[in-house]
Amino acid sequence: MKTKGTVTGIVSNLVSVRVDGPVSENEICYIDLAGVRMMAEVIKVNGDTASVQVFESTRGLKGGDSVEFEGRMLEATLGPGLLSSVYDGLQNNLATMDSVFLRRGEYTDPLDHEKLWDFTPLVKSGDSVVAADWLGEVKEGWLPHKIMVPFSFSGTYTVKSVKEAGSYNVDTEIAVLTDEKGDDHSVTMVQKWPVKIAIKGYREKPRPDRIMETGVRVIDTLNPIAEGGTGFIPGPFGCGKTVLQHAIAKQGDADVIVMAACGERANEVVEIFTEFPELIDPHTGRHLMERTTIICNTSNMPVAAREASVYTAMTICEYYRAMGLKCLLLADSTSRWAQALREMSNRMEELPGADAFPVDLSAIISNFYARAGMVILNNGQRGAVTFIGTVSPAGGNLKEPVTESTKKAARCFYALEQNRADQKRYPAVGPLESYSKYLDYPEIAEYLDKTVEEGWVEKVLRSKNIIRRGKEAAEQINILGDDGVPMSYHVNFWKSELVDFVILQQDAFDAVDALCPLERQRFMLDLILEICEKDYEFEDFEKCREFFKNLINELRQMNYSVYESEQFFAYNDSVKKMIA
Amino acid sequence: MANKAYQRIYTKLEGITKATVSLRAQGVSNDELAVVGGKLAQVVRIKGDLVTLQIFSGTEGIPTNAEVTFLGEPPTVKVSDQLAGRFFDAYGHPIDGGPEIEGEARPIGGPSVNPYKRRQPSQLIPTGIAGIDLNNTLVSGQKIPFFADPDQPYNQVMADVAMRADVDKIILGGMGLTNDDYLFFRQSFEAAGALDKIICFINTTENPPVERLLVPDMALTAAEYFAVEKDEKVLVLLTDMTLYADALSIVSNRMDQIPSKDSMPGSLYSDLAKIYEKAVQLPSGGSITIIAVTTLNDGDITHAIPDNTGYITEGQLYLKADTDTGKVIIDPFRSLSRLKQLVQGKKTREDHSQVMNASVRLYADAQNAKTKLENGFDLSDYDLRCLDYAKDYARELLAIDVNIGIEQMLDTAWTLFAKYFTPAETGIRQALVDKYWKA
């Protein structure tokens, strides 16, 4: 029997409910407001009073209104058809809602139950299976979507029967599994999983050993992110966080991309689902939308569902990872999620931590980042969830709780800098403050040696050093004046400008420059190092400036030219002549 | 509302603060309106039978035995075509001496548009101001504030933009406007002969601050009526959102909420987002564009109000006094229109974005040269050229008194490039240089 309750208190979306039976933490309940059922989640229990956060506006709710508890946590529905979908934070399909405005209590099914999928079995009767093992597969676009033993099944099962190859909808029973006690369990293409709990069902989670290509030079060349790695992008507004994230989403080398628009602008989501169906995935030649799922809880949507949105997104990624696929999760922005936690904590009158955030913020963030990772599945295949979150630090100050907590959890740090953005040096990733801890991994270095070129990491470090020396020179020039420093300072400064303009800066809106494959990055870095490791003599600093400005211009034109085209090599020759 | 005649009257307040009162009452719904001692109030908290009400016009003079009646519904605004050309207070009552509006009463602060039903903004809103059109192009369905110090002429610039924009309705939400500024808007609208497309909801400094909380929702609910039902292009002007946020902090403070940064409520981001996200391009062709003003304290954008605003809006426009030319300019460094790439080079000439970037980069070089000069160093020939360029650029393109077409702005920029620089120094893509360079 379901536990029932009545509303006793309301502050914005925090509602107190007196309950008549057992309730559990994070249990889902529905509040009845004149026939409209509004979903809510238990976040605190005190005696017979449960505090619930409502995923809707509580306007019009009264004391005494009735509540029904569901006996389950917030769950994601997992099955074929997740890709190309646009969901809200609770996984309601936004595309199948009729009205222009979001209506309270309107919940739509995440999956299409009519659509037929071409099923092929991967097991036979008598096989022994455990949770997450593959029972069969359907083609979701071009992706082999595995139908798995539900993650909630514990112990070993024997396949009693499996459906023969054919076209079925998601609700068709595709297998019957017998547990150790001899009881039969029916399995369809759909399973549910509580979003706040990580999906396990893999053999091991080793250290990442290869990089995920993004086509963005400042990431791939200087601060590469590992496949199955974690990174975050903090930056004040207007520094290009969103443009950078969209670039990664468009170009990232992943089979599945889940974008969680968490408390951000609705128009940015519109941009994704307007442009992605038109754009082509550079790795497969398919439409980008085919590999993309959007979870959007924009800033004007109910605050409580913001938190749910990132967990729902992560759960979908873990689901695809269990199929042996490479997934990339982009969450913009985790600060909004943290603020949602703060709003609730505040309404519950909890003692606040720093900047009024809840005290367990740091633990919540690191637990979430820990769900990313590369895994070896039970059948020996690899799967990965790479996670990149953005952080919107208040006042652009990185010494604030969300940035600091995230820094402890994420392995890559892409600091967007206001002064670079002011100078339109995009992407405004600060070259010296940013880092990738994966460059220190011997397995990554080895991988780069093999796939890019021998000694690559050392070259990357050399290019960073050029930037560092240039910065020191620039400081001296600023203090002592152009004439007050030796010529070598000018040369060092301009060498770092060369790296800045040619490697760091990249035009995300230029058809050619936006995507720079690793092979092209290798070519350019080698060329830049060749230039920078030469000695140059100039009569005066004006000549030095002019020389490098011209060089930079040629190299930028090169970035705008199609790789290995006639034009590209013409610029290359011209550069070689200039430095001869 | 059927049982209104039997509505119970309460006469015992248990607590009074400057902005709220609380009393014991039953059957009260969240967000509903009430009248407390003749003043309009709204339910903000229910705890058992203890109800807290926010009194819009302040609690001055309210006795503990004030009569309280609940109205059973949230704040509403009456919408119909009769709104056009009218001036209202924060409650939607006419202040222009005209009759009350007849129309459907709509709850304000209604639900959000399903993001999936939105369309990508793609219509350029030309303003004639190059600092905007060239560098920070506006698009219908966008939301963007002016970040300005209180002494800057932001209301004038906003009025100019509004009068030049090609829209069907202009809705002004004035919060804490001085009476002088209110009259300024009124006169500019009258002088432009645009009164028939103007609607104003005004809270002046003479009105109680908490009343301001109603103004944006009033203006935007009216805007939604015209955009959704009449498929019109609506421009909403909100000034000054800093004073709106101040009113939020007053209420949250009186409700004993723990303040976060700068004594603002922890929900400031969501509160502001609910307003700004009403900006929308609808599939039917209607749109709501929001241009707001956020006044700064001595240019400090790290304060919670401009900071949260910047994360919500699609860019921001800074006004700045240019010392070289003595003009007010749109600051090319800090200003940004996030939607500009949706129209630049698509609705405007192909060279737009490269010209914009090059001209700003060269202006940045001029600022570096200026720093060198101030530090007493010799300037190079390039520095000197940059400085001269910067003066021309500020006068002919950045100043807010510029009023020319976009092609003309681009041509002006090419003329300046040719006057002071070589093509290589501009770093513009060769194909464009070949086509547009003014030899």
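**Close-up views of a predicted two-chain model**

**View 1. Chain A as a whole.** Of the 580 residues of chain A, 56% count as buried, in a model that is predicted. The secondary structure of this chain comprises 14 helices and 26 strands. With a radius of gyration of 27 Å, close to the 25 Å that the globule rule gives for 580 residues, chain A is as compact as a globular protein of that length. Its C-alpha trace spans about 90 × 55 × 40 Å along the principal axes. Among contacts in chain A between residues at least 6 apart in sequence, 68% link residues that are at least 24 apart.

**View 2. The domains of both chains.** Chain A is divided into domain 1 (4-73), domain 2 (117-192), domain 3 (217-232 + 251-390 + 400-436) and domain 4 (456-579). Taken over C-alpha atoms, the centres of domain 2 and domain 4 of chain A are separated by 56 Å. Chain B, in turn, is divided into domain 1 (4-70), domain 2 (76-342) and domain 3 (352-436), and the C-alpha centres of domain 1 and domain 3 of chain B lie 61 Å apart.

**View 3. The side of chain A that touches chain B.** Here 60 residues of chain A are in contact with 62 residues of chain B. Strand S1 (4-11), helix H3 (266-275), helix H5 (334-347) and helix H13 (541-560) of chain A each supply at least two residues of the side that touches chain B, and the largest share, eight residues, comes from H13(A). Sorted by class, this side of chain A has 22 nonpolar, 22 polar and 16 charged residues.

**View 4. Strand pairing between the chains.** S1(A) is joined by three bridges to strand S4 (residues 39-47) of chain B, and the two strands run antiparallel. Within this pairing, A:Ile10 stands opposite B:Ile46 in S4(B).

**View 5. An open sheet in chain A.** Four strands of chain A form an open sheet in the order S10-S13-S15-S16, with antiparallel pairing. Strand S10 (128-129) and strand S16 (184-187) of chain A stand at the edges, each with a single partner strand, so one side of each is left without a neighbour in the sheet. Strand S13 (residues 157-162) and strand S15 (residues 175-178) of chain A are joined by four bridges and run antiparallel; the bridge partner of A:Val162 in S15(A) is A:Ala175.

**View 6. The enclosed helix H2 of chain A.** In helix H2 (residues 241-251) of chain A, 10 of the 11 residues are buried, so this helix is largely enclosed by the rest of the structure. The buried residues of H2(A) include A:Leu244, A:Ala247, A:Ile248 and A:Ala249, and also A:Lys241, A:His246 and A:Lys250. Among the elements that cover the buried residues of H2(A) are strand S19 (230-234), strand S20 (256-262), H3, strand S22 (326-332) and strand S24 (382-391) of chain A.

**View 7. The largest nonpolar core.** In soluble globular proteins, nonpolar side chains tend to be buried together. The largest nonpolar core in this model has 323 residues, of which A:Val258, A:Ala260, A:Cys327, A:Leu329, B:Ala222 and B:Val236 touch the most other members. Helix H4 (residues 304-321) of chain A gives the most to this core, with 11 residues. Leaving aside its neighbours within four places in sequence, B:Ala222 is in contact with B:Val77, B:Val79, B:Leu83, B:Ile171 and B:Ile199.

Note on methods:
Residues are numbered from 1 along each chain as its sequence is written. Chains are lettered from A and ligands numbered from 1 in the order in which they are written. This is a predicted model: local features need pLDDT of at least 70, side-chain atom pairs count only at pLDDT 80 or more; totals for chains, interfaces and linings use all residues. Two residues are in contact if their C-beta atoms, placed from the backbone, lie within 7 Å. Ala, Val, Leu, Ile, Met, Phe, Trp, Tyr, Cys and Pro count as nonpolar, Asp, Glu, Lys and Arg as charged, and the others, Gly among them, as polar. Two strands pair if DSSP finds at least two bridges between them. Domain bounds come from an automatic or database domain assignment. The radius of gyration is taken over C-alpha atoms; the globule rule is 2.2 Å times the number of residues to the power 0.38. A residue is buried if 20 or more other C-beta atoms lie within 10 Å of its own, exposed if 12 or fewer, and partly exposed in between; C-beta atoms are placed from the backbone. A nonpolar core is a set of buried Ala, Val, Leu, Ile, Met, Phe, Trp, Tyr and Cys residues joined through C-beta atoms within 7 Å.
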